[in-house]
Amino acid sequence: MFMTEFGYGAETPRRPGTSHLFNVSRRGFMVGAGAGAFVMGLAMKGGPAMADATAGGLENVRGGDATPSLFISIESDGTVKLTCHRSEMGQQVWTSIGQILADELEADWDRVEIVQAIGHPKYGSQNTDGSRSVRRNLYRLRVAGAAMRTMLERAAAKRWGVHPGECRGVQNVVKGPDGREASYAELAEAAAAQPVPGEGDIRLKARDEWRYIGKPVPSLTVPKIVKGEGTFGMDVQLPDMLVAVIARPPQVFGKVKSHDAAKAMEVPGVVQTVDLPALEQPAAFKPLGGVAVVAKDTWAAMQGAQALEIEWDAGPNADYDSEAFEKALMETAQQKGEVRRTRGDVYAALDAADKRVTADYYMPHLSQSPMEPPAATARWTGDKVECWACVQAPQTARSEVAKATGLPEDNVTINVTWLGGAFGRKSKPDFVVEAALIARKVGQPVKVTWTREDDIKHGYFHSVSAQHMEGGLDSDGRCTAFLHRTVFPPIPSTFQAGLETPSWGELRLGATDNPFAVPNLQLETGDAPAKVRIGWLRSVANVYHAFAIQSFADELAHAAGRDPKDYLLELIGQPRYVDPREEGAQYDNYGDPMDEYPIDTGRLANVIEIAAEMSGWGRSLPDGRGLGIAAHRSFLTYAATVVEVEVDDEGRLRIPKVWSVLDAGTVVNTRHTAAQIEGGTLYGLSNALYGEITAKNGVIQQGNFPGWRIMRIDEAPREMETHIVESDAPPGGVGEPPTPPAAPALTNAVFAATGTRIRRLPVFTPESGDRLPKRAGRQS
């Protein structure tokens, strides 16, 4: 067996010299390795540290813990096993990570297997969020694969008494002179005796030599899903396992005043009830509290939870009315706020403008609503607990379970299942903590099942937001002033009680990184309290910032009497690099260096031009049809979307076609990237059409899909055409960037078709049904 191992440390290992290899075997680190095994370590050094608390795992591994994380192994039958430290939630990370390693290793793709890593610091950050899995691992996985191939080639050369340059690894075989060949499995033990090459001693393949990277390699997981071979959080079954369903307080920070479990206990199959501790500030990832009904099966647990008689103390958020809150937020957005980025004198320029354009936009709460609601199973054994859960951040789950139970983290194991979607919800492991607490109480393995109603009513919601925009135009229609004021309850309020000010981390998601070349530009913020748990949702604050900015760009174009696409390009200006730090903003560029990932307006303009050309922008359309365009940079990737809509006389809306363009730099899998573009666009369109979570008396009003509408299959675009820009730039994100431009492209198209300007989402409301609200007539 030939094995190599490396810890995941700092996560910016793209540059040569930011990592080094070491021979773990020679240091006596052969823990877990069989006879003749070869263990190699790849240590990262330098580069900015991760922005989360779970980074730096390699130091933990090397700082006395001599147990290497088995990362890559070549089995005796030639199988290449790769431990994937990121969660598979449909984005095909298993496949893309495997592609990268296998390419440089020259592994036979049919012999590649992926093993899911448990949650452990030795893997560095395992947070599967922020569209980082490929961009943070492309380079170092290439280095690891190439190093392994080099050592196998050297072992073969020594065996044959030839120069290593005469040997070449090809598809699990080293080929030498005179037709000699040896398999990787045959050479593994000899390779272990080879010195580990430094980065300067290995050769990374040229791009035109890539066998798998950049290719539409089929998914490793889809066939297993089709055959029912995958294990999702809901699928976990353990001997003697019980199931728990929890009645949670209707309001966040509400608590049980009193309860009677007698009727619940009368339900056949119900075993017992468990009181959970009331939630205290800050909410963070702690359970909401309530009463759990533990039963022999899911149905009994659900029936028992409904039979509970509970009197609730509504707590401090009982006054939350989202309709009233919206008015307050819009009023705050009308007031001058805290300046977070400024160029020129925006107010003087607005006063001097020949035409002043003003608009306000609003976006409601949204729910992630993954198809698989949260689910976690826990088994308590003495002083240890082992969990199985569909989590995006297993290390966070581990630490939260340890904190809640008082166990050392070393006594907590988090096994990661597949995720049936996540969109940010499963990065919050409150449901795993629930399972651990209940399992400790009942003394048997317990699976906590969230119902759909639980998921929608008790989530971490996408923040409501109010956006105030003002623009000044000169006599030729050129924009001379651009004011953007954004107001929303911030995500950090979930972790720090009473926090009301938008964080720099949220503002850099589409606000402080505004690329417009307007001579006078200013971003301001206003404060807003949080009344529910605010959390991440696919693309996070980019969603509402892109909606406001790209809608307002369309409004400015109309006010100037110009074509929206041409005007958007004029706002962006000539190709250049934009650095918001030069204008007073704190900006971390998604944690990546600006010299590698500059805000490049040329790339943004390019995706707009391509999308426009694909859609036949400027073509004549019949009455009731319109095209809308929008573009946005997020997660270091440039995306543009054109939506075509058709609106009949009754206000019914159809979407004949959508064109989406993505420049994500180096792309590992074109097939799956195209799927991500389509999925991200549909996600954005669905939320724009129907997405709205409301609250009365602090209680979420929606409880299942009849109330929380998502786009249905007959409402989806009839056609979707995607384009991936070929690029050798460093990889950017893929999963999230297609979402932000979808909503403004849609509403701009509705304006083009009907003259109806939609400034508040969703497009459809319970009152309007599936008809557009009757507003202004067609724009001349």
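**Helix packing, confidence and a serine**

Helix α2, residues 93-105, packs against helix α3, residues 138-160, at an angle of about 35°, and their axes are 7 Å apart. Axes here are lines fitted to C-alpha atoms, for helices over the stretch in contact, with angles from 0 to 180 degrees between N-to-C directions. Helices are DSSP runs of H or I with at least four residues, numbered from the N terminus.

On the α2 side, the contact (heavy atoms within 4.5 Å) is made by Ile 97, Ile 100, Leu 101, Glu 104 and Leu 105. On the α3 side, the residues include Leu 138, Leu 141, Arg 142 and Leu 152.

This is a predicted model: local features need pLDDT of at least 70, side-chain atom pairs count only at pLDDT 80 or more, and totals for chains, interfaces and linings use all residues. Residues are numbered from 1 along each chain as its sequence is written, and side-chain values use heavy atoms, leaving out hydrogens and water.

On confidence: pLDDT, the predictor's confidence in each residue from 0 to 100, averages 90 over the protein, and 90% of the residues score at least 70. It stays under 50 over residues 25-36, where the model has 21 contacts beyond four places in sequence. Residues 776-780 also stay under 50, with 17 such contacts.

Last, Ser 551, which lies in helix α14, residues 542-560. Is Ser 551 buried or exposed? It counts as buried because its relative accessibility is 1%; buried means under 20% relative accessible area, exposed over 50%, partly exposed in between, with a 1.4 Å probe and protein chains only. Leaving aside residues up to four places away in sequence, Ser 551 touches Tyr 361, Ala 546, Pro 744, Thr 747, Asn 748 and Arg 757.

Conventions: Helix = DSSP H or I, 4+ residues; strand = E, 2+ residues; numbered from the N terminus.
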